[in-house]
Amino acid sequence: MVERGKFIVERVQTGVRMEKRILKVLKAFGEYHDMTLGDLLEGIVLHAFDGKCPFGAESLRRIKDLKKFYGLDLDSRASHRLTESRASQPLRKGKRAK
């Protein structure tokens, strides 16, 4: 029996590459709220899909502190402009690093 207000979902394991400091801030923020990284990302994405900000004022203050702690100097203006350093690019099958 499903609890009222709960949704049954099927989750899948994924391997997503992400900027290192962004991941550190997300993991720390999730840990602060006793949430898994996956639960946190699901909540952020569902809010974004509805055109809503997923964070209140207190959460934004916490994120600002975490960004400072982890040296994350990127903001939304950096979106779609991030480029990987050669060292962090994965090797593709059949290709060798130069």
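**Exercise 1.** Does Asp-73 count as buried, partly exposed or exposed, and what is its relative accessibility?

*Solution.* The structure is a predicted model, and the class is read from the relative accessibility. For Asp-73 this value is 62%, and the cut-off for exposed is over 50%, so Asp-73 counts as exposed.

**Exercise 2.** Identify the salt-bridge partner of Asp-73 and state where the two residues lie in the chain.

*Solution.* Begin with the pair itself: the side chain of Asp-73 meets that of Arg-21 in a salt bridge, with an N to O distance of 3.1 Å. Finally, consider accessibility: Arg-21, at a relative accessible area of 24%, is partly exposed.

**Exercise 3.** Compare the locations of two further salt bridges, Glu-42 with Arg-11 and Glu-58 with Arg-61.

*Solution.* In the bridge between Glu-42 and Arg-11, the closest N and O atoms are 2.7 Å apart. Because Glu-42 lies in helix α2 and Arg-11 in the segment before α1, this pair ties together parts that are 31 residues apart in sequence. Glu-42 is partly exposed at 32%, while Arg-11, at 55% relative accessibility, counts as exposed.

Turning to Glu-58 and Arg-61, the closest N and O atoms are 3.0 Å apart. Both residues lie in helix α3, three residues apart, which means that about one helical turn separates them. Glu-58 is partly exposed with a relative accessible area of 47%, and Arg-61 is likewise partly exposed, with 48%. As for networks, salt bridges that share partners join Arg-11, Asp-39 and Glu-42 into one.

**Exercise 4.** Describe how α1 and α2 are arranged and which residues make their contact.

*Solution.* The axes of α1 and helix α2 (residues 37-49) come within 9 Å and cross at roughly 100 degrees. Since angles of 65 to 115 degrees count as roughly perpendicular, α1 is roughly perpendicular to α2. On the α1 side, the contact is made by Leu-23, Leu-26, Lys-27, Phe-29 and Gly-30, and on the α2 side by Leu-37, Leu-40, Leu-41 and Ile-44. By class, these residues divide into seven nonpolar, one polar and one charged.

Conventions: Residues numbered from 1 in each chain as written. Predicted model: local features only at pLDDT ≥ 70, side-chain atom pairs only at ≥ 80, totals over all residues. Heavy atoms only, no water. Axes fitted to C-alpha atoms, helices over the stretch in contact; angles between N-to-C directions. Helix = DSSP H or I, 4+ residues; strand = E, 2+ residues; numbered from the N terminus. Parallel < 35°, antiparallel > 145°, perpendicular 65-115°, else oblique. Contact = heavy atoms within 4.5 Å. Nonpolar A, V, L, I, M, F, W, Y, C, P; charged D, E, K, R; others polar. Salt bridge = Lys/Arg side-chain N within 4 Å of Asp/Glu carboxyl O. Buried < 20%, exposed > 50% of the residue type's maximum accessible area, 1.4 Å probe, protein only.
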